[in-house]
Amino acid sequence: MAGMARSSAAVVAAAAVVALLSLAPAASTAERFVVGDAARWTWGYNYTDWVIKKGPFFQNDTLVFMYDPPNATVHAHSVYMMRNLADYQSCNLKAAKLVAGVTQGAGSGFEFVLTKRKKHYFVCGERGGIHCTMGQMKFIVKPKSSACRDD
C-alpha cells in the first residue's frame with residue numbers, strides 16, 4: 001500500500017509540473033520581416049509608415065530586402081547603412097556602408113539581422129541618392145531587447 005501511495009504521489013507531482021510548464025510563456029523567437037511586405041524594396045513606397053505598422057522590432061529579428069536586379073525595365077536598388085541621423089536625413093552617401101549590392105536582393109533577398117540595440121539607418125543609394133531623397137527608400141529601426149518581446 002505504501003508503494004502505491006508513493007507512485008500516486010509521483011504521478012500527481014509529474015502532472016503538476018506539466019501543468020506549470022504549460023502556463024509558462026513560450027520562449028521568445030526572432031521574427032523575419034520582408035521590408036515593404038508585398039511591395040518589397042522599391043521606389044515610392046513609404047518605409048517609415050511600414051516600420052510604424054510592423055514595429056516594434058527586437059534584437060535578432062531579420063529584415064529581408066527583396067528587389068529585382070537591374071535590367072532594361074528595372075532600375076537598380078541597393079541597401080546602405082548610414083552612419084548617423086544627419087547623413088540619413090540628407091541622404092549623404094559619402095560615409096555610408098554598402099550592405100547589399102544591386103544583385104543581392106534577388107531570389108530570397110538579402111537578410112540583415114538586427115544584432116545590436118542601436119539605431120540602424122537604411123537607405124537605397126542608387127542614382128546618386130535620388131532613391132533616398134525623392135523615392136522615400138529609407139527608414140530607421142531601433143530594435144528593443146529581445147527580452148522585452150513578450151511584454
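**Briefing: fold, cores and salt bridges**

Among contacts (heavy atoms within 4.5 Å) between residues at least 6 apart in sequence, 72% join residues at least 24 apart. The model is a predicted one, where local features need pLDDT of at least 70, side-chain atom pairs count only at pLDDT 80 or more, and totals for chains, interfaces and linings use all residues. Residues are numbered from 1 along each chain as its sequence is written, and side-chain values use heavy atoms, with hydrogens and water left out.

**Overall layout**

- You're looking at 4 helices and 7 strands; these are DSSP runs numbered from the N terminus, with helices being H or I of at least four residues and strands being E of at least two.
- The order along the sequence goes α-β-α-β-β-α-β-β-β-α-β.
- Of the protein's 151 residues, 36% are buried; that label means under 20% relative accessible area, with exposed being over 50% and partly exposed in between (1.4 Å probe, protein chains only).

- An open sheet is built from 4 strands in the order 4-3-6-7, with antiparallel pairing; two strands pair if DSSP finds at least two bridges between them.
- Strand 4 and strand 7 are its edge strands, each pairing on one side only.
- Direction ignored, neighbouring strands of this sheet are turned by 30 degrees against each other on average. Axes here are lines fitted to C-alpha atoms (for helices over the stretch in contact), and angles run from 0 to 180 degrees between N-to-C directions.
- Strand 3 and strand 4 run antiparallel and are joined by 3 bridges. Met81 has Lys97 of strand 4 as its bridge partner.
- Strand 1 and strand 2 run parallel, again with 3 bridges joining them. Phe33 has Leu63 of strand 2 as its bridge partner.
- Strand 2 is covered on both faces: Thr62 and Val64 are buried on one side, Leu63 and Phe65 on the other. As background, side chains in a regular strand alternate between the two faces of the sheet.

**Nonpolar cores**

- The largest nonpolar core has 22 residues, and Trp41, Leu63, Phe65 and Phe139 touch the most other members. A core here is a set of buried Ala, Val, Leu, Ile, Met, Phe, Trp, Tyr and Cys residues joined through side-chain atoms within 4.5 Å.
- Helix 2, strand 2, strand 3, strand 4 (97–100), strand 5 and strand 7 (138–141) each give two or more residues to this core. Helix 2 provides the largest share, 3 residues.
- Apart from this core lies another, of 8 residues, among them Tyr80, Cys91, Tyr121 and Val123.
- Leaving aside residues up to four places away in sequence, Phe139 touches Val35, Trp41, Tyr47, Thr48, Val51, Leu63, Phe65, Tyr88, His120, Tyr121 and Phe122.

**Salt bridges**

- The whole structure has 4 salt bridges, each defined as a side-chain nitrogen of Lys or Arg within 4 Å of a carboxyl oxygen of Asp or Glu.
- One of them joins Glu111 and Arg32 (3.2 Å, N to O). Glu111 sits in strand 5 (residues 110–113) and Arg32 in strand 1 (residues 32–34), so this pair ties together parts 79 residues apart in sequence. Glu111 is partly exposed, at 43% relative accessibility.
- Another joins Asp37 and Lys54 (3.4 Å, N to O). Asp37 is in the loop between strand 1 and helix 2 (47–54), Lys54 is in helix 2, and the two are 17 residues apart. Asp37 is partly exposed at 34%, and so is Lys54 at 31%.
- Arg40 also forms one with Asp68, their closest N and O atoms being 2.9 Å apart. Arg40 is in the loop between strand 1 and helix 2, and Asp68 in the loop between strand 2 (62–65) and strand 3 (79–82), so the pair ties together parts 28 residues apart in sequence. Both partners are partly exposed: Arg40 at 24% and Asp68 at 36%.

**Gln59, a buried loop residue**

- Gln59 is in the loop between helix 2 and strand 2, and counts as buried with a relative accessible area of 19%.
- Not counting residues up to four places away in sequence, Gln59 touches Leu114, Thr115, Lys116, Arg117, Pro143, Lys144, Ser145, Ser146 and Arg149.
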